Structure formats: C-alpha cells, structure tokens
Amino acid sequence: MIEVQHLTKRYGPFTAVDDVSFRVEKGEILGFLGPNGAGKTTTMRVLTGYMPATEGSATVAGHDVFADPIAAKRSTGYLPETPPLYPDMTVREYLTFVGKLKLPASVGKAERTSRINAVMDKTHIADMANRHCSKLSKGYKQRVGLAQALIHDPEVLILDEPTAGLDPKQIIETRALIRSLAGSHTVVLSTHILPEVSQTCQRVVIINKGRVVAVDTPDNLTRQLKGSATLYVQVDAAGADAAPVLSGLDGVRRVVELDRHEQLVGFEVAADADRDVRRDVARLVVDRGWGLLEMRPLRLSLEDIFLQLTTDETGNNSAPIAEGPPIDAAHNDAAAAASGKDQPHA
Amino acid sequence: MRNAFTIAGKEMRGFFVSPMGWVVMGLYALLFGYFFMAHLTYFVQQSMQSQMGGGPININQFMIRPLLQNVALINLFLLPMITMRAYAEEKRSGTIELLLTSPVSDLQIILGKFLGALGFYAALLAVTMVYVGILFAFGTPEWRPVVTGYLGLLLMGGCFLSVGLFISSTTKNQVVAGAATFVVFLLLWIISWLGQSAGPAMAAVLDYLSIVWHFEDFSKGVIDTKHVIYYLSFITFGLFLTMKSVDTERWRG
C-alpha cells in the first residue's frame, strides 16, 4: 500500500532522511519511532506530497507521490504535528471547507454533510460542531485534525504524533480509534512514546538520525533483546559478601548492587539466557538466613530496545542487538544523549 | 476551478470574520470619503467661478476623474493589509500543510487566494460606489467613464494584489510581508518620477512600467488594449512568481 525506496531528503548540507526504505501492507498499522529530529516528520511530509524528496521514490496506494501527486493525495489522509485548523472557523465550517477540497466533485452537498456528521461521530467531536477552532482544547483540536484526515475516507492515513498533548483518557480513546481504523485503512503513525507502539502498531520502523535502524514487530524486537535474563533481587540483613556469594551461583553472569537502604540491599542479577536461576537464588538467600523481600524479572521493554538502538553510535542495523550495553548503562547513555544531542525538529 | 473557488470563498470569508477585514474596509471608506469631500468642495468652488465667466464645467472631468485617480493612493496603503496574511499566516499557523497535502494543485491554491483577495477588493470598491452614487443622485454625470474607471481600478488593484501575494508567499511574518509589499507598491508607483529628469525615451519606458500611469486612460473613459494587456500580463507575472516561490519553498522544505 505504501512503498518507500531509498528515500533521501537533504536540507542544504543537512541530511534529514538518509536512504530510508520500507513497505506497509494494506490494512496494517506501522509505527514510526524515533527521537525528536530523527526524520519522522520529514519522511511523512514526503509521503503526503508536502515536499519532494531529494532522492528515492515513494508510492502511496499505487500512485507515485512525485509523478502523480493529486491522485496520491486523494488517497491519503494526513494529520500534521500541529492540527492545521483555521481559528476563525467553527468545527463544522472547517470540515465543510476541507470536505470541499478533498472530496471528489461527484460528491453532492447532502452526501458531504452526512460524511461530516459521520466523521464527527467517529472522532467524538459532534458536541463541538459549532465551536470555533480557536476555542477548542488541545485534545479536541487533535481530534478535529483527525476528523479532517478521515473525511474523504482515504486508503492511507498518515498521523504525525496523533496522541501528543492529549490527556490519558483521550490517549486511550485515540489509540482505540486508530486501532479500529486498521483493516479498512493503512495507517502510518509516528511517535516517540514507546508503549504506544506496542499497543497500537503491528510493525515498527525505528529511525534515528535519518536512518532506519530496525524494522520488525514489537514482539520480535523485544524477543531479540532477551540475550540475558535479568532479575531484581532485594534482600534483608545480608552481609557485605552478598554480591560475591550470588555471583558464585551456577549460571549467574553478573551481579550489580542497585540500591541500599540501611539493611535492605537490591541487586541486579544477570543470568545466562537459557537458565532460570530464580529457584537457586531464592534457595541461596533463604539458606543464608537473609530475608528475601523482592524478586522480579527485569524485562527489556521497547524502551530499552529503542535506547539501545538509537544510542548505538554506529547506528547500524546489522549490529548484534543482544550484545548491546547493559540496561543501566544504556539508560545513562540515553539520558546523556537526550540532553546533549537534541537536534532541532525537522 | 471548483477548488480555486472553494479557496477563494474561504479567503473572502476570512476577511469578513476578522476585525482586519472590517478595519480595512472602514479605513478605505474613510479615506475615500475624505477625498470625495475635498474634491467636491473644490468642484463646487470651480463651478461657481465658471458660472460667472464662461460655461458650466464637466463633473466627470473635474471631479470623478481625479477622485478615482486618488484611489491608487488609498490602494497603496491599504492593499498590503489584504495580501500580507495570505500566505504568511497559513505558514505560521501550519494550515499550509493542509492545503499542500490536499488533492489541489498549486495553481488552484494561488488562483483561489488571488480571487479571494480580488473579491474583497471589489467589495471595497463597491463601498466607494455609494459616494459616486450621490453624484448621480444630485447631478447628471456621464456613466460610461465611471464604469471604465472602476474597471481600471479593479485591474490596477489586481496588479497590487498579485505582487502582494508573491511577497506574502516568501515569508512567515505578516508584518514583514506587509511592509515589503508597501515599499514595492510605492516603487511601482513612483518609478515614473525618475523619468522627468531622464531623457524622453527613458521617460516613456519608466511611465510604461508605472502601474498608476496606465490607469489614466481608464479614468478618462478610454479602454485601451495596451493598458488592459499591461495589467493582465502584470497580474499573470505576479501569480507566476508566487507559484515559483511556493514551489521553491516546497523544495527547500
């Protein structure tokens, strides 16, 4: 449904998108994940025909966005990062204007009105139909933006951070709405919120500094990174030798003290991937007479994967993910990266 | 063309729901009213004098023609306010993303914006017709030169608007767009002044370039294709530049 091949976009000397290729099948929801300035918005703008690419090609619903932009735009609905609303129009006036622009000439006035009503119901904005766009809350603005993208019932929906600025309830509603659109629509959404991807998307493209660093399902990405099983163990009244003793267990690769509150000590225990060391750890702690207060698996979330992939200096897809830096180190790197390397948003 | 009219309608509506549109219209009526009063007082004086010696004087020639020529001055100050927001505002608020990703061509967007601005300008001229109507109520001016005069004003305004649109398309900032448009209008007007000190050949060229010079024949009741073609090609050129500017912006991102 969407095919992007070797897409490159340069702004003068700055390369915003560098040789990006991916496909989106019909009815799929693809998550476009990356830190700010990674090139998500630029890629989406190329796909929607807002700007041409420097190199490469993009096809939407069978129409080349460069050669046949009008046809491609007719089958695309786009929600930009800031909803493109006219402040002095009411919601209904606005949707009428957009409807006139986007619906083919064959759609009459009555049908246009019924479409507008339908799309307002779908996005739960019917109660604001006569409110001026400038008077809407951020959540409603976002939903009017979504209504605008849906009005011509496009095959492809491109949503740039559709849940940004919404409150938790609205986020849940919006995600449910997006999920309900899958199947009949092909959706590409960008986000830097990771749970969003695992909750809404069937496939993820992780992009960093204009390059694709990974393309996979959220599940596969999580699985790939389970190179080692890691536990968090909190014990009470342990001696100073607790860490070496734990390391001595068969199958335990590494023990790191994470926190200490008086008698309570928390350890991160990394074990070989194929071993479940929880019974052994529990037995050891009890045998030693310490109190076992907490033991839980430290699972690699999409967050960790994301940070590992995007903080990897080589930015190379082929870098073996499982041998990435340990979790805590990754966190630190990422924090440094987030504060230091914040690129201006393209 | 349907899309262009949709956008033109939206632009027109934008003028009438914003205070800006009403302020411009009010100022337009105020300035025109001032010129109307000044010319009328002068005309009354002149006709008194001419009654003492000689025949009556022509109201078209002594009143309406200079009055309509003064509209160029009003346009100079007020038309930048019509076009300055056309593109600048859409770029600033991000609504340009909606227009450029809708199944509409650049030409349709530009024509729509031009027609919208021209429509609002026509509404301004319609307001001034009230004053001219007063002359018809109390006197018997010739109506044909009035019609050609208004046609000329529409074409002259179209030139200003197409240039204004182009300038607006080059910036995000309304104030910059407005100020630059004003300066360019002024240059286009006073370019013929240089001609007075240059040789006659140069003067002819500079006169020809001046937007206002071409209006004179219209105000006299003459429709000369030379001037119509000048205005129409000027408008086309302005819209062409706008199109190139929008396209350039698109490539530069």
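I looked up the domains of chain A in this predicted model. The assignment, automatic or from a database, gives domain 1 (2–223) and domain 2 (227–298). I then took their centres over C-alpha atoms: 47 Å separate domain 1 of chain A from domain 2 of chain A.

I noted the ground rules. Residues count from 1 along each chain as its sequence is written, and chains are lettered from A in the order in which they are written. Local features need pLDDT of at least 70, side-chain atom pairs count only at pLDDT 80 or more, and totals for chains, interfaces and linings use all residues.

Next I traced a sheet in chain A. Strands are DSSP runs of E, at least two residues, and helices are runs of H or I, at least four, both numbered from the N terminus. Strands pair if DSSP finds at least two bridges between them. The sheet is open, has 4 strands in the order β2-β1-β4-β5 (chain A), and pairs antiparallel. Its edge strands are β2 (14–24) and β5 (63–64) of chain A, each pairing on one side only.

I followed β1 (residues 2–11) of chain A: 7 bridges join this strand to the antiparallel β2(A). Which residue in β2(A) is the bridge partner of A:Glu3? I found A:Arg23.

Last, I checked where chain B touches chain A. With contact set at C-beta atoms, placed from the backbone, within 7 Å, 20 residues of chain B are in contact with 21 residues of chain A. On the chain B side, α1 (2–17), α5 (96–101) and α12 (225–252) give two or more residues each. α1(B) gives the most, with 6 residues.

Terms used: Contact = placed C-beta atoms within 7 Å.
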